[in-house]
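Here are my notes on the model, as numbered points. Please read them with the structure open.

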Amino acid sequence: MKVIVSTAVSSDGYLDDRSPDRLILSTPEDWAEVHRLRAACDAILVGAETIRRDNPSLLVGDEVLRRERIDRGLPSNPVKVTLTASCRLSPEANFFTRGDQEKIVFTTCPDPGPLRQVATVIPAAEITAALIVTELEKRGLRSLLV
């Protein structure tokens, strides 16, 4: 599996700050590249804390790129993937409610509760990169944007 990591980092090397507000590090050009990367990948992975703090929808934001995916025989948006130990994720989060693509939750939580209603839940004693890649490849996914 091809794994691409995309992140915005401040000039002093930080991904975020301690404030409850989202730290904006990206320019419009950065976001255009993020959407190109999303459109090029089969799946996109974010952590549970990103879902809780930023409430991302993780959709391809450019209509032309969505149409190109469809023309290649792909869904309009990549599969969404997250990891959680606590299962403290709202089923109402944009991750689960925006877009009709599959949502996958890897978890070590013994009882994922309502997440089973809104996503494919993959329970594990330990979440590892090998587990994630193996499970996604089993589903025919060949590329992952993190």
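1. Where is the place of V3? V3 sits in strand β1, which covers residues 2–4. Bear in mind throughout that this is a predicted model.

2. V3 is partly exposed, because its relative accessible area is 43%, and the buried class needs under 20% while the exposed class needs over 50%.

3. Now helix α1, residues 28–40. The helix has 13 residues, so at 1.5 Å a residue it should span 18 Å. Its end C-alpha atoms are 19 Å apart, which agrees.

4. Which residues of α1 are buried? They are V34, H35, L37, R38 and A39. These buried residues pack against β1, β2 (43–47), α3 (63–71) and β6 (143–145).

5. E33 is partly exposed, with a relative accessible area of 35%. In sequence, E33 and S6 are 27 residues apart. In space, their C-alpha atoms are 9.6 Å apart.

6. What does H35 touch, leaving aside neighbours within four places in sequence? H35 is in contact with L59, V60, G61 and L65. With G61 there is a polar pairing too: a polar atom of the H35 side chain lies 2.7 Å from the backbone nitrogen of G61.

Terms used: Residues are numbered from 1 along each chain as its sequence is written. This is a predicted model: local features need pLDDT of at least 70, side-chain atom pairs count only at pLDDT 80 or more; totals for chains, interfaces and linings use all residues. Side-chain values use heavy atoms; hydrogens and water are left out. Helices (H or I, at least four residues) and strands (E, at least two) are DSSP runs, numbered from the N terminus. Buried means under 20% relative accessible area, exposed over 50%, partly exposed in between (1.4 Å probe, protein chains only). The expected span of a helix is 1.5 Å times one less than its number of residues. Contact means heavy atoms within 4.5 Å. A polar contact is a pair of N or O atoms within 3.5 Å; within protein, one must be able to donate a hydrogen and the other to accept it, and residues adjacent in sequence count only if both atoms are side-chain atoms.
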